[in-house]
Amino acid sequence: MKITGLIVTILVGGLLIYAAADFPAWSDPNSPASTYLSPHFIEKTMEETSVPNIVTAVLADYRSFDTMFETTVIFSAGVAVFILLRTFRRKEPEARHYRHVLTGVTMRIKEGKLPPSDDFERIDTLWTPPDLIIKTVCRLLIPFIQIFGLYVIAHGHHSPGGGFQGGVILGASIIVLAISHNLRTVVKRMSEKLDAVLCAVGVLIYAGTGALCLLLGLNFMDYSALASVLFVDPIMARSHGILIVEIGVGIAVMCTMVWIYSNVSSRGRYEQGL
Amino acid sequence: MSHNYPALIVVVPLLSALVISVAGWVNKRLCFPIAFAALAVAAYSSVGLLFRVLDEGVIVYKLGGWDPPMGIAYYVDHLNGLVLTVVSVVALLNLIASKKSIEEEFPEKTGPFYTLYILMVTGLLGIVVTGDAFNLYVLLEIAALTGYGLLAMGEERAPLASLNYLYMGTIGACFYLLGVGYLYIVTGSLNMVDIAGILPSLYQSKAVLAAFIICMVGVWLKMAFFPLHAWLPNAYTYAPSAASSLIAPLVTKVMIYVMIRLILTVFTPEFSFNVLAVSDAIVWLAVIAVVMGAILALAERNNLKKMLTYIIVAEVGYMVGGAWLGNRTGMTGAILHIVNDALMTLCVFLVVGNIVYKVKGAGFDDLKGLFRKMPFTMGAFVVGAISMIGVPPTCGFFSKWYLISGAIQAGHYGFMVALLFSSLVNVVLFFRVFEICYYEPFSDHHGHGHDHHPEPMDEAPLSMLVPLYVVGAILVLVGLYTGDIVDQIIQFAIPKGLV
């Protein structure tokens, strides 16, 4: 089997090298990829969409339809992880462990009883190491990470960035919270239901914007139809349309990351997590 | 609204899948009606679109209002109009038939299940309707990802089988993407029609040759063409009924469509059949696929569902072989067989779904006495089976007829013999199942010969039987109207250059 694999690998590698002989030279300005469509995008993007960042314009306007489905791919991954991992019917353990937040004392409480005061947090292991430094540093960092994430989403028209990148940064900030504290802390701020619904809402903002263009009488995803709703000229409407869908992408990516993380890290049980 | 049909076919299921996902958290009972409405709209638009194509010819829909090749465009011609109709109708019928089993098997996860189901259909419809090589890849990802999730929800061994499929499927999709990348390097375009226009001057290019080989191997992996089929039987056998009766009829057939689209539109028949002298070799590969699929099915003596999955492997061989015969009749047979095989596979998998629903298993031991216990389900099974064998007037006969005529016309007698061999094997396979279901008494009553009283009838619910009978009726109707389908639709789907 190993030898078969080796032979196949060599054959495929050989084929790829053989084909590379007919490629245009490295960074050749006359290669088909640089001469066929690129000039149109470089010359016309600003006047057709009023977006200075050509990459964003191609991604979220000229080929916006692909990007919508890329967002859907991420959403599908979230749903697939959820449906495979999440377990609902589970026997509650007879005793629960609670930790006193200030002193770190752990106590075991029988089922049906509550801890003596609100200063206790529930844990699933017998002992968790003290993590004051990690918690404090993360607390300080998270707001800045989130502001940066919002900036990346909002500034995608002008600089590198956009919904995917910003959404990942925002999602990472929440995952940092889950790692430094625990999953319950995150779920307290953003419930599982809210997270799952926002995943769908993010993609819905994207696809809904496209559908709105269709209802306003133009083709699907033709943002210039939004001009009458946003009270701007059709070219500017394209720019605003891109911003709207980027926000949708940001929400979808952020929530899906958190959703996948929560299910994977707690094996679908939504407990303490990592 | 009718000029927006191409967009509606994909967009309505997509939006509904998202709404279902939200509705699943609010009230689970909302999910099915939304899913049903979405697929009904998709089916209605597909049929409407097919009729418009028949009237007006190719329909181009520019997404975002951008002219191709700058933006993405949908091209709907006779070929994908037909396949779109089949995909949406099969998905709709299966949705109705599977409602009960979905709600029974996944009481807490009906919402996500319907979400994945509708997203998968969105992906398949998108693959078929698009005219952009990269857009096709994105939709392929959606159809694959949701498929892995759905298939892994089955029995104990399902996750492992699905993981295996995930590896193979990902490699297949990557190969396709790599091929598209190669084409982009040499042409600078992603639009299928545009690529086809640029390619003639590049027929001798090694990069185009490599792109062709890589794309084909990727697509073959995804359709489980014989040596690359190893992922399919287990993945489909252990899957939940609702998922396997959606995926088994559609995924392999849609991938065949992609292959035919690559041959006819992207690389053009001139390049595929004349510039490259590979068609003969590929038809021989198809011969091996048909024969091996038949033998593997014959060797499977435990599980009805697994036996059917090996028949799928053989049927993939039919269509690949038919498409690569390089003549009009063979191509007609391959396209007609996409339609017929999707319907036949749906029919027999729905029957398996009914059996699993009632008997909780599809092993050959579970089948004993089923003709008495579930006479209506088994009646539909007989229709599906004789269509798979290829008995007129069911549709299976006619596509096989075209394939065999194509083989004779091309002088490829090996393929003809393989088709006949596989039909004979199907006779053996299905009559073996009939024998078990008809003559052998229920396993519980074994050894109680004298005080044996007949098992009471315990038929599947009407919501599962009605779609099954609709499929059975369509099998016969498509068979009776084969002439019209070929003359009105398929004839125009094949370029005039191909004789």
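Trainee: How does the radius of gyration of chain A stand against that of a compact globule of 274 residues?

Mentor: In this predicted model, chain A has a radius of gyration of 25 Å, whereas a compact globule of 274 residues would have one near 19 Å. The radius is taken over C-alpha atoms, and the globule rule is 2.2 Å times the number of residues to the power 0.38. The C-alpha atoms of chain A fill a box of roughly 75 × 65 × 35 Å along the principal axes.

Trainee: Which conventions apply to the numbering and to the confidence of the model?

Mentor: Residues are numbered from 1 along each chain as its sequence is written, and chains are lettered from A and ligands numbered from 1 in the order in which they are written. Local features need pLDDT of at least 70 and side-chain atom pairs count only at pLDDT 80 or more, while totals for chains, interfaces and linings use all residues.

Trainee: What makes Asp222(A) buried?

Mentor: A residue is buried if 20 or more other C-beta atoms, placed from the backbone, lie within 10 Å of its own, exposed if 12 or fewer, and partly exposed in between. Asp222(A) has 25 C-beta neighbours inside 10 Å and therefore counts as buried. Asp222(A) is found in the loop between α9 (192-215) and α10 (227-230) of chain A; helices (H or I, at least four residues) and strands (E, at least two) are DSSP runs numbered from the N terminus. Leaving aside neighbours within four places in sequence, Asp222(A) is in contact with Cys213(A), Gly64(B) and Gly65(B), contact being C-beta atoms, placed from the backbone, within 7 Å. Of the 274 residues of chain A, 39% count as buried.

Trainee: Why is Phe434(B) called partly exposed?

Mentor: Phe434(B) has 17 other C-beta atoms within 10 Å, so the residue is classed as partly exposed. Phe434(B) is found in helix α18 (residues 413-439) of chain B.

Trainee: How do you know that α5(A) and α5(B) are roughly parallel?

Mentor: Helix α5 (residues 64-85) of chain A and α5(B) pack at about 10 degrees, with their axes 9 Å apart. Axes are lines fitted to C-alpha atoms, for helices over the stretch in contact, and angles run from 0 to 180 degrees between N-to-C directions. Angles under 35 degrees count as roughly parallel, over 145 as roughly antiparallel, 65 to 115 as roughly perpendicular and the rest as oblique. The two helices, α5(A) and α5(B), are therefore roughly parallel. By class, their contact has 14 nonpolar, 5 polar and 3 charged residues. Here Ala, Val, Leu, Ile, Met, Phe, Trp, Tyr, Cys and Pro count as nonpolar, Asp, Glu, Lys and Arg as charged, and the others, Gly among them, as polar.

Trainee: What is the contribution of α5(B) to the side of chain B that touches chain A?

Mentor: The contact takes 51 residues from chain B and 47 residues from chain A. The largest share of the chain B side, 10 residues, comes from α5(B). That side divides into 33 nonpolar, 13 polar and 5 charged residues.

Trainee: Why is α8(B) described as roughly antiparallel to α10(B)?

Mentor: The axes of α8(B) and helix α10 (residues 241-266) of chain B come within 8 Å and cross at roughly 165 degrees. That angle makes α8(B) roughly antiparallel to α10(B). By class, this contact has 8 nonpolar, 1 polar and 1 charged residues.

Key
Two residues are in contact if their C-beta atoms, placed from the backbone, lie within 7 Å.
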